[in-house]
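Subject: The structure for you to look at

Hi,

Here is the structure I promised to pass on. Have it open while you read, and click on the residues as they come up.

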Amino acid sequence: MTERDLSVGVDVGGTNTDAVVLDDSGAVIASTKEPTTDDVTGGIRNSVARVLQDIGEDRARVSRVMLGTTHATNAIVGRRGLGKVAMIRLGAPAATEHPPLLGWPDDLARGILAGSAMLGGGHMVDGTPISPLDRDVVLRFLDGLGSFDAVAIAGIFSPSYPDQELEVAALIREHIGTDTRVFLSQDIGPTGLLERENATLLNAALYGVAHAVTDALVTVVDEEGLDAVPFFAQNDGTLMSLDFAAQYPVLTIGSGPANSIRGAAYLSGVENAIVVDVGGTTSDLGVLVNGFPRESTLPREIGGVRTNFRMPDIVSLGVGGGTVVNSATGAVGPGSVGYRIEQEALLFGGTTPTLTDAAMLAGASIGGRSLPTQRPGVRAALKTALTTAHADLESAVERLSLGRTDLPLVVVGGGGFLVPDTLPGAGEVIRPGHGGVANAVGAAISLAGGRADQMSDVEDREAAIESASKAAIDKAIQAGADPLKVAVVDVVETPITYSANPAIRVSVKAAGPLARLGSAVGSRT
């Protein structure tokens, strides 16, 4: 019987789509960087085919394929393929001053919203209902709408008191049909009504996009004749099953940087560090804390929409291998030649000065190539640009280090040659082997994860932690974790101000290795 001990990790970036094959010991036995294609799927197909070709007959040993993708982000930013969503907010009369989609870009709001209603319901911080549910009003609202693809429901403090959202969801499915797409805010984000509501709306609108992506991954796996289970990377550096990804596509938005950070930790053996992933378009910097990405405590904007779902604390710079340099002034960006670098950069015989050309001029070794002779003005511009890029990197490191100067700087990504060997504000600069494909490695080695939040009085703290832990573990198992090996990996307690009694919010993260084949992992649909 063939041993099924290989995993394929894939990460889609703006310039390259990377793929790796890891064996059961975690060693990288094949890797590739292929240009990202306009339809994205082509890049995935090419990268997977290449690494499978490299391992030959051992392809039969592949049991899992893990993907980190920018499809969801691209759909929001590009306003493409988004569904129409009916929005129900539970919280009247307390939450009627600010309507749903407050502050959204007009074109995105028009493209997504099928209609909204602010209805009675919701809870106070202590669990007291704000007002009773009115079932008839819910049904009249839906019956008065035109066509819609999904329904999103957001109630005040529903992550801690979920019953009302669940009741409305059951009512909708009973009235319209059991296959109605209903998305609950309690599953998407922590407390904070408007941001959680926004994230739930985006998630509901992305349902069709998510199914197209999951179908594309299954197609590539089937085309290659792999008997492998696909997984998707999510924002916090863990994995989720195909079914889970289709239900919660918004959780994939930060998966690229998270994969890079996790891959950097794995390849370098360092658990606490600053990571810089230099690609062809941007440099993403984040912080490793005990092997996982440090998460942002601030709301994040996606496509102009303010959300509060968990994202890595990332600083993104317009500094990449393909970043365009102004040949007259040495100004950096903001444009990039992206995946066209091998046609347009000076190094490859093109006519566009880039930061790759600047690094080559400074002595970097890039594929054994040499920079064609340039006129003095262009050479001066390239030197100026590289100095500017280094200053931008130094500033980002200082911002993320929070005053610490001893944190190592782990450099990964195909454009890692842009980072100098010493950088003020950082400790030792580490360049791990296979760092150019760290993002794909991060996808391949990730655990399955889940998260849950719970509000409670301080005196009920232990019960809140226990309840949130159970919910987080259940979500991790739903995402594909082995039920026998999943465990709580992080507990964060945040005091709640302006409440009648001392209260806290408990946020629990659980993670575990993927279930073995034949166990309860996500199905391929």
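Below is what I found in it, going from the whole chain down to single residues.

First, keep in mind that this is a predicted model. The average pLDDT of the chain is 86, and 96% of the residues score at least 70. Among the elements, strand E7 (residues 150–155) has the highest mean pLDDT, 96, while helix H2 (residues 71–78) has the lowest, 75. There is also a stretch to treat with care: over residues 518–525 the pLDDT is below 50. In the model, that stretch still has 23 contacts beyond near neighbours in sequence.

Now the overall picture. The chain has 14 helices and 23 strands. Its radius of gyration is 24 Å, close to the 24 Å that the globule rule gives for 525 residues, so the chain is as compact as a globular protein of that length. If you draw a box around the C-alpha atoms along the principal axes, you get roughly 75 × 60 × 50 Å. Of the 525 residues, 56% count as buried. Take the contacts between residues at least 6 apart in sequence: 68% of them join residues at least 24 apart.

What sits inside? The largest nonpolar core has 62 residues, and those touching the most other members are Val 10, Ile 44, Val 62, Val 65, Trp 104 and Phe 232. Helix H7 (residues 207–223) gives this core its largest share, seven residues. A second, separate core has 35 residues, including Leu 347, Ile 366, Leu 423 and Ala 426.

Leaving out residues up to four places away in sequence, Val 62 touches Arg 4, Leu 6, Val 8, Leu 52, Ile 55, Leu 226, Asp 227 and Ala 228.

Then have a look at Thr 307, which you'll find in strand E15 (residues 305–307). Is Thr 307 buried or exposed? Its relative accessible area is 0%, so Thr 307 is buried. Beyond four places in sequence, its contacts are Glu 195, Asn 198, Ala 199, Leu 202, Pro 299, Arg 300 and Ile 302.

Last topic: charged pairs. How many salt bridges does the structure hold? There are 18. Here are some to find:

- Lys 33 and Asp 18 form a salt bridge, with the closest N and O atoms 2.9 Å apart. Lys 33 is in strand E3 (residues 28–35) and Asp 18 in strand E2 (residues 16–22), so the pair ties together parts 15 residues apart in sequence. Asp 18 is buried at 2% relative accessible area, whereas Lys 33 is partly exposed at 34%.
- Arg 135 and Glu 167 form another, with the closest N and O atoms 2.7 Å apart. Arg 135 is in helix H4 (residues 135–143) and Glu 167 in helix H5 (residues 163–176), so this pair ties together parts 32 residues apart in sequence.
- Asp 474 and Lys 470 meet at 3.2 Å, N to O. These two are four residues apart in helix H14 (residues 461–479), so about one helical turn separates them. Lys 470 is exposed, at 54%, and Asp 474 partly exposed, at 38%.
- Asp 5, Asp 58 and Arg 61 are linked in a network of salt bridges.

Technical notes. Residues are numbered from 1 along each chain as its sequence is written. This is a predicted model: local features need pLDDT of at least 70, side-chain atom pairs count only at pLDDT 80 or more; totals for chains, interfaces and linings use all residues. Side-chain values use heavy atoms; hydrogens and water are left out. A nonpolar core is a set of buried Ala, Val, Leu, Ile, Met, Phe, Trp, Tyr and Cys residues joined through side-chain atoms within 4.5 Å. Buried means under 20% relative accessible area, exposed over 50%, partly exposed in between (1.4 Å probe, protein chains only). Contact means heavy atoms within 4.5 Å. pLDDT is the predictor's confidence in each residue, from 0 to 100. The radius of gyration is taken over C-alpha atoms; the globule rule is 2.2 Å times the number of residues to the power 0.38. A salt bridge is a side-chain nitrogen of Lys or Arg within 4 Å of a carboxyl oxygen of Asp or Glu.
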